Amino acid sequence: MPTATASATQTTTISAAAHLTDEQIEALGAELDAIREEVVSSLGEADARYIHRVIAVQRALEIGGRAALIFSRFPPAWVLGTAALSVAKILDNMEIGHNVLHGQWDWMRDPRIHSTTWEWDHATPAEAWKRTHNYEHHTFTNVRGKDRDLGYTVMRITPEQEWKPSNLIQPLTNIGLSLIFEWGIALYDLDFDKYRDGTKSKAEMKADLRAFWRKVRKQLAKDYVIFPALSGPGFLHTAAANLTANVIRNIWSHAVIFCGHFPEGTETFEEERLEGETKGEWYVRQMLGSANLTGSKLFHIMTGNLSHQIEHHLFPDIPSNRYAEIAPRVREICARYGLTYTAGPLPKQYGKVFLKIARLAFPGGGPKGSVTALPKARKTNGAPVRLAG
Amino acid sequence: MGVLRAIGRRARDAAALLTTPVVPDDLLGTMNPMWSTREPHARVIGLRRETADTTTLVLRPGAGYRKHVPGQFVGIGIRINGVWQWRTYSATSCPSDPLLSITVTVVPGGTVSGKLAHGTPVGTLVRLGPPAGEFVLGEPTPEKLLFLAAGSGITPIMSMLRTLSKERPEELDGAVLVHCDRTPRDLVFGAQLRSIAAATGMRFVERHTALEGRLTADALTDTVPDWAARKTWACGPAGMLDMLTEHWDRAGDPDALHVERFTPPATVADGVPGGRVHFTTSDIVADAGPGTPLMVAGEAAGALLPNGCRMGICHTCVGKLRSGAVRDLRTGDVHDTPGVPVRTCVSGAAGDVEIEL
């Protein structure tokens with residue numbers, strides 16, 4: 001846990017990694033590299049069968065759910081169909097889409113299951129997601145001003161972010177965002193803020209909007225026109241069922257994702273930290289900036305193994321079915337190096353996030369933080385950061 | 001046909017509205033890989049041991065299968081340890097046969113050929129690439145045919161002979177086949193070739209190299225005195241094909257000789273320093289060591305690259321050079337003109353290079 005120390009003028013949060021020397025950080029990095037190497041070299045047939053099975057289950061649920069919803073005027077069919085479709089959409093986005101788009105399954109060399117060919121049941125096109133998520137979020141994790149996932153540009157999620165009056169309603173903003181999360185992501189992936197401040201050209205903006213429109217018109221037509229029409233007199237029932245499934249998926253993925261980086265115990269970082277950051281320091285930042293969720297095997301699958309957020313952020317392109325076996329080793333490394341390994345059940349973690357958002361709706365909010373930089377004396381030629389996808 | 005195809009396309013487009021963001025073919029392929037037309041599959045339904053190191057796999061192709069022309073090769077993809085590995089093999093069956101046969105000889109040290117020849121039980125699913133290759137007889141069948149084969153080089157010729165003997169046996173009357181291998185036991189398709197010869201009037205010369213030595217230009221003249229008057233199809237080891245090409249260049253009509261190479265000529269290892277290769281479309285960067293084909297380096301880094309024969313024949317793997325230089329690993333030639341097409345399976349990096357793939 002971050003230690004709060006009182007000083008004469010302000011409260012300062014000291015990074016949980018402040019006690020580590022350069023040598024220790026690089027040794028830690030080497031240990032994590034070794035784990036990575038071990039897992040990558042052991043990938044094989046069992047892993048391939050796993051992802052094929054998950055995809056088959058997802059597709060069976062989707063087909064079954066949509067078939068049941070043809071009879072959506074019959075309440076049991078509505079309930080069963082909506083439930084199956086909700087689970088299908090969650091699996092599609094979480095355990096399959098997110099992870100395939102990270103390139104976790106590229107090693108199989110299967111054009112059918114590959115980060116460059118995959119598209120998912122989500123409002124944002126896979127290409128846009130890969131840019132904002134794989135590159136920006138995974139590279140600049142929890143760096144204030146660089147990782148736009150910190151509050152998704154609409155909320156104040158760390159005390160260091162400047163308070164604005166509009167933050168007063170952010171508990172409501174958060175609930176609203178959770179209901180429409182896929183659309184929030186899609187808008188966010190369009191980078192309107194970058195267009196406004198001039199870092200994104202008009203031509204780029206237009207191209208992104210076109211790609212977005214090509215994708216969403218099909219998504220909307222499927223859920224709110226074509227399948228409802230196939231239900232004949234049950235048109236509205238089916239449209240409502242599809243809307244419900246989309247919203248359930250949104251609430252679920254919002255909860256899981258917000259528990260990944262915002263609960264108490266996770267740290268945020270200053271931009272200067274990136275300068276000359278070594279691979280070891282990058283690993284430390286990923287660990288301290290992420291939090292895990294505890295639960296059953298099925299729970300992990302439904303979260304897309306983002307319940308192993310720490311392991312995912314260390315190794316974004318290792319297949320998700322392997323995070324569970326790495327987790328105890330990463331936890332042991334954290335303990336040995338005296339680093340926080342944040343983990344807890346979903347309701348508890350989500351409660352913490354919610355309280356944090358509520359507190360930060362008002363000015364101030366916790367130790368005004370200059371998170372202490374890691375001990376300096378950096379080499380400037382940091383090892384290149386390995387990125388997924 | 002055009003109307004039917006248009007209706008089919010409409011139906012597929014309509015179905016795609018229901019299955020978006022995946023296409024109907026993805027769902028069909030999940031239900032049964034044999035139903036996929038975008039990723040054609042075949043099931044192994046029979047195995048025939050031809051010799052100690054050569055096995056014929058009899059395949060029942062699924063949807064999306066395209067028939068070969070006798071002499072062409074097909075891509076065969078097999079999942080080994082979770083990873084799809086592709087190689088090309090000559091089809092040895094007759095195209096009018098509903099089953100497709102390929103005949104695999106184990107390459108010492110080769111993971112894929114060994115797996116296919118000895119580790120692929122009946123029932124295994126393989127993927128099929130489209131048939132390709134220029135090593136075909138053409139229409140009409142030329143008169144006075146000569147076939148020269150050694151070892152597994154008989155495989156593309158076998159498809160030609162099976163097809164002709166089944167459909168137009170009279171055209172094999174007077175043809176000559178010289179087939180070389182170490183001993184009679186090693187000779188792939190020996191018995192079947194003898195019966196084709198007996199049924200059609202084709203002259204079949206078996207050359208057992210353990211006793212008689214390898215085929216030479218002189219031996220050829222002794223065996224087939226009228227070789228220069230024949231249209232010739234030859235397939236076998238690089239040494240034999242080099243000898244034949246030289247002989248036809250010197251003493252015959254080079255246009256009358258058609259050759260098919262199964263192995264790339266020995267690579268020119270020296271002077272290929274390697275480098276970092278950037279596949280710009282996939283946006284993947286890979287290190288290609290000295291003598292490592294760009295394709296191999298890219299695949300190791302997770303890139304999904306077009307690939308076919310993997311020996312510089314079929315041009316499936318071509319990508320445009322954007323910057324830097326590549327060296328042809330077979331000839332040692334350096335290419336550094338931006339925009340030039342590069343065969344990634346037989347090109348190495350000569351320093352850092354960008355390929356549009």
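In this predicted model, strand 15 (residues 326–328) of chain B pairs with strand 18 of chain B through three bridges, and the two run antiparallel. One of the residue pairs here puts D328(B) across from S347(B), its bridge partner in strand 18 of chain B. The pair belongs to an open sheet of three strands in chain B, laid out in the order 16-15-18 with antiparallel pairing. Strand 16 (334–335) and strand 18 (347–349) of chain B are the edge strands; each has a single partner strand, so one side of each is left without a neighbour in the sheet.

Chain B also has an open sheet of five strands, and this one is mixed in its pairing, with the order 13-12-19-14-17. Its edges are taken by strand 13 (284–288) and strand 17 (341–343) of chain B, each with just a single partner strand, so one side of each lacks a neighbour in the sheet. At the strand 13 end, strand 12 (residues 275–279) of chain B is joined to strand 13 of chain B by five bridges, and the two run antiparallel. Within that pairing, R276(B) sits opposite D287(B) of strand 13 of chain B.

Over in chain A, helix 13 (residues 323–336) has 14 residues and spans 20 Å from first C-alpha to last, close to the 20 Å expected at 1.5 Å a residue. Its buried residues are Y323(A), I326(A), A327(A) and V330(A). These four cover an arc of only 120 degrees around the axis, which puts them on the same side of helix 13 of chain A. That buried set packs against helix 1 (22–41) and helix 12 (309–314) of chain A. Turned away from the buried side, the other face of helix 13 of chain A carries the exposed residues P328(A), E332(A), A335(A) and R336(A). Just after the helix comes G338(A), with a positive phi of about 70 degrees.

Then there is the contact between the two chains, to which chain A brings 25 residues and chain B 19 residues. On the chain A side, helix 2 (45–68) and helix 8 (202–230) each supply at least two residues. Helix 2 of chain A gives the most to that side, with six residues. Sorted by class, the side of chain A that touches chain B has ten nonpolar, four polar and eleven charged residues.

Notes
Residues numbered from 1 in each chain as written. Chains lettered and ligands numbered in written order. Predicted model: local features only at pLDDT ≥ 70, side-chain atom pairs only at ≥ 80, totals over all residues. Expected span 1.5 Å × (residues − 1). Buried ≥ 20, exposed ≤ 12 C-beta atoms within 10 Å, placed from the backbone. Arc of directions from axis to C-beta. Contact = placed C-beta atoms within 7 Å. Pairing = 2+ DSSP bridges. Nonpolar A, V, L, I, M, F, W, Y, C, P; charged D, E, K, R; others polar.
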